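Please examine the sequence and the structure shown here. The report that follows is intended for a reader new to them.

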Amino acid sequence: MSLTLHYHPLSSFCWKVLIALYENDVPFAPNPVDLSNPAERAALLKLSPIGRFPVLQDHARNQVVPESSIIIDYLDRHYGAATRFIPDDADGARQTRLRDRFYDLYVHLPMQKIIGDRLRPADRRDPHGVEEARAQLRSSYRIIDGQMASGGWAAGKEFSLADCSAAPPLFYGNMVMPFGDEHENLRAYFERLKARPSFARVMKEAEPYLKMVPKES
Ligand SMILES: N[C@@H](CCC(=O)N[C@@H](CS)C(=O)NCC(=O)O)C(=O)O
């Protein structure tokens with residue numbers, strides 16, 4: 001098989017890439033990485049010095065591709081099929097990449113901060129940082145609710161890179177800081193995402209692991 005995805009079944013950034021792979025039924029070999037295992041960590045670091053997943057390895061093209069957005073761009077160019085993730089026209093592409101950045105920076109990172117803090121020892125927590133992350137997430141929910149007023153997908157009429165970016169942090173975000181009754185358009189958008197077969201499959205496969213997500217303490 002040409003593609004190997006180095007990943008973890010609970011990792012939200014890996015979900016983002018899994019959605020893209022499942023959208024177009026691209027065959028790949030999943031390689032779950034346990035970062036607490038020194039040999040597996042060293043193997044990942046050899047591929048990508050940042051030591052984070054996802055990392056895609058394309059054996060046929062002799063390429064190692066880290067970073068979720070870059071991986072999806074790569075899949076779009078080299079393993080493209082029915083679902084195109086980045087439109088060909090420059091304005092559409094810019095709008096899609098902008099939304100991708102929005103979801104990574106202003107939804108995904110604050111969500112990670114909130115969950116990541118729960119994994120820290122009690123005396124190493126960062127309540128101020130978590131409060132800032134919650135404020136950012138709150139304001140991002142409001143922004144998304146406005147963006148989604150006319151329905152559709154994150155960057156317009158077509159499912160795209162931006163929706164792959166949106167689904168995982170909205171899933172975990174809603175877990176740690178529920179959307180609330182006031183964000184009707186956001187809730188409707190999330191329902192559309194959950195009904196999308198690619199994301200439904202990702203959620204189903206992650207189900208057995210979800211009990212490992214740390215609860216508030
Ligand atoms: N910007 C990266 C972020 C990747 C990332 O943060 N991955 C997390 C899992 S969701 C990770 O590898 N965490 C392990 C660690 O930090 O040690 C991307 O888009 O792929």
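Predicted model: local features only at pLDDT ≥ 70, side-chain atom pairs only at ≥ 80, totals over all residues.

Residues are numbered from 1 along each chain as its sequence is written, and side-chain values use heavy atoms, with hydrogens and water left out.

**Ligand site**

The table gives polar contacts, that is, pairs of N or O atoms within 3.5 Å.

| Residue | Residue atom | Ligand atom | Distance |
|---|---|---|---|
| Phe53 | backbone N or O | nitrogen | 2.8 Å |
| Glu67 | side-chain N or O | nitrogen | 2.7 Å |
| Gln112 | side-chain N or O | oxygen | 3.3 Å |

On its own the ligand has 510 Å² of accessible area, of which the protein covers 77%; such areas come from the Shrake-Rupley method with a 1.4 Å probe, and for residues only the protein chains shown count as cover.

Glu67 belongs to the loop between strand 4 (63-66) and helix 3 (68-78). Helices (H or I, at least four residues) and strands (E, at least two) are DSSP runs, numbered from the N terminus. With a relative accessible area of 53%, Glu67 is exposed; exposed means over 50%, buried under 20%, and partly exposed in between (1.4 Å probe, protein chains only).

**Nonpolar core**

A nonpolar core is a set of buried Ala, Val, Leu, Ile, Met, Phe, Trp, Tyr and Cys residues joined through side-chain atoms within 4.5 Å. The largest one has 63 residues, of which Leu170, Tyr189, Leu193 and Phe199 touch the most other members. Helix 6 (residues 161-176) supplies the largest share of this core, nine residues. Domain 1 (3-78) and domain 2 (90-206) each contribute at least three residues to the core, with bounds from an automatic or database domain assignment.

Beyond residues up to four places away in sequence, Leu193 touches Trp153, Phe159, Asp163, Ala166, Ala167, Leu170 and Phe199; contact means heavy atoms within 4.5 Å.

**A buried arginine**

Arg134 lies in helix 5 (residues 127-147). Arg134 counts as buried because its relative accessibility is 15%. A polar atom of the Arg134 side chain is 3.4 Å from the backbone oxygen of Val176. Apart from neighbours within four places in sequence, Arg134 is in contact with Ile114, Arg118, Val176, Met177 and Glu216.

How values were computed: Polar contact = N/O pair within 3.5 Å; in protein donor to acceptor, adjacent residues only side chain to side chain.
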